[in-house]
Amino acid sequence: AFMISRAPMAAFVGYLSDRIGRKRIIVLGLTFYFLTAVGFVLSPNIPFLLFVRILQGISSAMVWPVAETLLTEIVDKLHRGKAMSIYVSLMNFAGIFGPSIGVAVYKIYITSVSNPDLFTALRMPFIFLAIVSLAALISSLSLPKGRRDSATHDKSRFSLHGIKDSLKKLSAEAKRSIYTIYVNGIVNGFGMGIVNTSAIVYIIQEVVKDPSGLGLLYSISGVVTITSSILAGHLTDKIGKRKHLIIIGYLISRPVFFLIPFVKNLWTLIGLYSLATLSFGIGMPLMRALQADLTPSEVRGTIFGLQQTFFNSGTAVGALAGGYLCAAVSGINFEFFGLTVNGIAIPFWITAILGICTTILFWTFVTEPERKF
C-alpha cells in the first residue's frame, strides 16, 4: 500500500513543486505525516490501517524528493555532494536505529506501568511517531525558500502532460544522462528488492538461525553505508568527479553478489554485505547531486520526483519477485564448477548481472557536466 501510493505520486508532486514552490509542498507533506501517525494510533481495523498506510506513502512522496530538490537549491553547487551525503546519512541512520527506538518506547511503557495494556503498548511507538512528526512539521515552517519558491509561480499547463514537457527543457546530453539514470534507478531498485527479500531467507537458511545475526549484519553494513556516504560527499566536492566515484562504488559492490551464496560464516558475510552496501552509500547522495548538476532549477522537482518513481517501482516489483523466486528455487540444489549450490543463489546472481548491466549503461551514456570552480 505504501509503495503503490508513493511511487506514482513522487513524479506528480515533484512536478507540482516546480509549479507552486518546494516549501509549501514539504509543509503539507509533513502535515499528512503527522495525521498518519495519529491514524495509526486510532486505527480500528485493517482496512482503515491500509488507508492510513496509503496516505503515508503519499506523504513520503511529498517530502523526500522535494526536500532533496530544495537542498540542492539552498546549497552552493560546490557543496552539494557534502550536503546531500549528510541528508542521506541521516535517512539511513533513521532506517537503522528507528526500529530499535520503537522497541525501546514499547519497553519503557511495559516496564513503567504496573498493569500494562497490550494494545496501548503496541500503540506507544506510533504515539511517539506522532510527537516526532509534529516537531518535524513545526520545524519545517522555518525552512528557507528555494529558487522556485521565490520565483513567479507558473500555473500554466498544470497537468500530467507538464511532466513530459519538463523533460523537453533539458539539453540532449542532459536528457540522455537523466534517462540513463532513470533506467538505472528502476533496474537497481528491482535488484535491491530481490536481494533484500532473498538475503533474509538465505541468512536464516544457510548462515545463522539466531535473529540477532540478522540484526548484527544490517547494523554493521548500515554503519558502513553511512560512513561511505559522508566520505563520498566530501570527496566529490573536492575533486568534482561524481560519475567516477559512483562507478567505483558499482565496481566494488556488484561482483560481491556472485560470492555471497557461497558464504556460510556470519562474519565473512558481514564483510561482503558491507562491501555491497558501499554502492548504495556512495551512489545515492552523489546521484542526487549529479542530477542537480544536470538540470535547471525550474524542472528539478520533476526530475527528482521521476527518479523516485522509477526506483520505488522497481523496488516494489523486485520485492514481490524475490519472494516468489525464493519459494521456487530455495529447495533446489545444482552443481556449479564442482560445488553444490542451493537455488537461493539465483536471486543474488540475477541482482549481480543486473548491476553489471547498469554499470555499463551508466559508464557509457551518462555525461557529467564540466565543473566551474
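Visitor: Why is Thr-36 called buried?

Guide: Thr-36 has a relative accessible area of 1%, and buried means under 20%, exposed over 50% and partly exposed in between, with a 1.4 Å probe and protein chains only; Thr-36 therefore counts as buried. The residue belongs to helix α2, where helices are DSSP runs (H or I, at least four residues) numbered from the N terminus. The model is predicted, so local features need pLDDT of at least 70 and side-chain atom pairs count only at pLDDT 80 or more, while totals for chains, interfaces and linings use all residues. Residues are numbered from 1 along each chain as its sequence is written, and side-chain values use heavy atoms, with hydrogens and water left out.

Visitor: Which residues does Thr-36 touch, apart from those up to four places away in sequence?

Guide: They are Val-52, Leu-55, Gln-56 and Ser-59; contact means heavy atoms within 4.5 Å.

Visitor: What makes Asn-188 a buried residue?

Guide: Its relative accessibility is 16%, and Asn-188 therefore counts as buried. Asn-188 sits in helix α8 (residues 172-207). Beyond its neighbours within four places in sequence, Asn-188 contacts Tyr-250, Arg-254, Phe-311, Gly-355 and Thr-358.

Visitor: What makes the pairing of Asn-188 with Thr-358 a polar contact?

Guide: The two side chains meet at 3.1 Å. A polar contact is a pair of N or O atoms within 3.5 Å; within protein, one must be able to donate a hydrogen and the other to accept it, and residues adjacent in sequence count only if both atoms are side-chain atoms.

Visitor: Why is Ser-142 called exposed, and where does it lie?

Guide: With a relative accessible area of 61%, Ser-142 is therefore exposed. Ser-142 lies in the loop between α5 and α6, and its side chain reaches the backbone oxygen of Ser-139 at 2.8 Å. Between Ser-142 and Lys-23 there are 119 residues in sequence, yet 9.4 Å in space, C-alpha to C-alpha.

Visitor: Why does Phe-128 count as partly exposed?

Guide: Phe-128 has a relative accessibility of 37%, and so counts as partly exposed. Three residues of the patch come from α4, which gives the most.

Key:
Helix = DSSP H or I, 4+ residues; strand = E, 2+ residues; numbered from the N terminus.
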